[in-house]
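I opened the notebook to record what I looked up, one entry per topic. The entries follow the model below.

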Amino acid sequence: MGLLEGYEPKEVWSFFEEFSQIPHGSGNTKEISDYVAKFAKDRGLKYRQDEVGNVVIFKDATDGYENSEPVILQGHIDMVAVKDDDVDKDLEKDHIDLEIVHADDTSDSEGLRGEFEHDEWVTAKGTTLGGDDGMAVAYMLAILDSDEIKHPPLECVFTIDEEVGMIGATKLDASDLKGKILLNADSQHEGKFVVGCAGGVIVECNLPINKEPITPYVIEFRIEGLTGGHSGTAIDQYRMNGLVAMGRILLKCFQNVGMRIITVDGGVADNAIPTEAEAAVVVLEENREETVKIIKETFEEIKAEYKNTDPDANLVINEVGEQDVRALGDGSTLATIIALSNMPNGIQRVDSKINSVETSLNLGVVRTEDDRVTFKFLVRSTKETAKWNVVEQIRALTEIFGGEIQTYGGYKSWEPIENSKITKVMSDNFKELFGKEVKVGTVHAGLECGIFCDKIEGLDAISFGPQVDDIHTTEEKASILSAKRCWDLILKTLEDLK
């Protein structure tokens, strides 16, 4: 008996639990892509699986809908795979462990649950859940598996690697898609329909470094326990970025003692606010006590500033002692510290007309390698010119220190369309089913809808979904009651698109 057996909608949760046993972090999607393709093959459904792993499944209309226009259902099969430090799992190989928590044991940290009732939540033990975007995948599989649901011709698109630059959607050949309405279930706030989104681009900076053998006193320290979150939807929460905090501590040490960096690392994805960062430095033994003091005092200053957003922030220090190491030279140490502490990060501009974030960026990953330190940012904006202006700022700072940047995974913003048919149908259905007016707006995050609108002329798209809190963190959880309400909304909408 599965953990989620007995919960409604049972067919949705059954598929969700089944594919949760398959590791499917971004860049590790072949097995789940094959799972989706086999699902179609086993049911005799027409499908295609492309070279990168996208899967498109076609299903004929049910009786009475043969003359209806096709509808595209779409979601991504990858997830942000993150675990707590004490979890003994390799998320490239090991599945997540689901569990149920009661609403009383959770908090509405972002104030996004609205007036809707929530009882129990599905979460995962010490890892991300993958409700983003596993809920969409489960909905599509359940619809495709049913012989009872009324619907027009369906074109169900399962894309890969949305979380690392929308790679699957960008590479998808959409020439055989005939639908002009697209339902994307990749939004996580019940009661809000998204009809537009920011554009984005990933920026990777590589700073060249030189390393030298040295035998001084080694100190390792780690920032952990930060709240983190999605770098688009949570950027206006002003949470601590572990890498930015690390840069501030390293700068303070460098200014006050003779210090060099051995390594500095942190973050797991460009679109997740880093919840941790770690560094190893070398100092003269006579400066050991002063260095540890500066690290502790600077961290406490930062923690006090972020006490409301990151109450569980923690610092761990390990004094290793004398050890033969290869550390960055003085120039490389200075360049790395200045880059960490001076690169732009966070909200850059707010659109005052609608009081919404216009332009932002997130320093999501830093890695120290043998010959370089790599920084990865995700830049977002509703204005293309503003987006590329931030990229040029990063380029200028990088090139000062002899480094270079590359950009990839770029996508344009998705502009709302007037008199949207699907927005009206779903808004009316929402009011009829739940007695509430839905909120319709845009989001400061990337959605694949914009890419599909570029590929398919005249496409009318909408993004929605059940309540899934704290995505991209180990606190991620999906509301069971909300999942049922969203299912009811999808079924009624498909029935009405006759």
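I looked up strand 20 (residues 372-381) and found it mostly covered, with eight of its 10 residues buried. Buried means under 20% relative accessible area, exposed means over 50%, and partly exposed lies in between (1.4 Å probe, protein chains only). Strands here are DSSP runs of E with at least two residues, helices are runs of H or I with at least four, and both are numbered from the N terminus.

The model is predicted: local features need pLDDT of at least 70, side-chain atom pairs count only at pLDDT 80 or more, and totals for chains, interfaces and linings use all residues. Residues are numbered from 1 along each chain as its sequence is written, and side-chain values use heavy atoms, with hydrogens and water left out.

Which strands pair with strand 20? Strand 9 (residues 199-208) does, antiparallel, over 10 bridges. Strand 19 (residues 356-368) also runs antiparallel to strand 20, joined by nine bridges. Two strands count as paired if DSSP finds at least two bridges between them. I noted one residue pair for each partner. E204 stands opposite K376 in strand 20. T368 has V373 in strand 20 as its bridge partner. Strand 19 and strand 20 form a hairpin, with three residues between them.

Strand 4 and strand 5 share five bridges. One of the pairs is V101 with W121 in strand 5.

I then checked D469, which sits in strand 24. Is D469 buried or exposed? D469 counts as buried because its relative accessibility is 8%.

Most residues other than glycine have a negative phi, and most peptide bonds are trans.

- E8 and P9 are joined by a cis peptide bond, with omega about -5°. P9 is in the segment before helix 1 (10-19).
- The bond from D132 to D133 is also cis, with omega near 10°. D133 lies in helix 3 (residues 131-145).
- M166 is not a glycine, yet has a positive phi of about 55°. M166 is in the loop between strand 6 (154-159) and helix 4 (167-171). At 2% relative accessibility, M166 is buried.
- N419 has a positive phi too, near 55°. N419 is in the loop between strand 21 (404-411) and helix 9 (421-434). At 78% relative accessibility, N419 is exposed.
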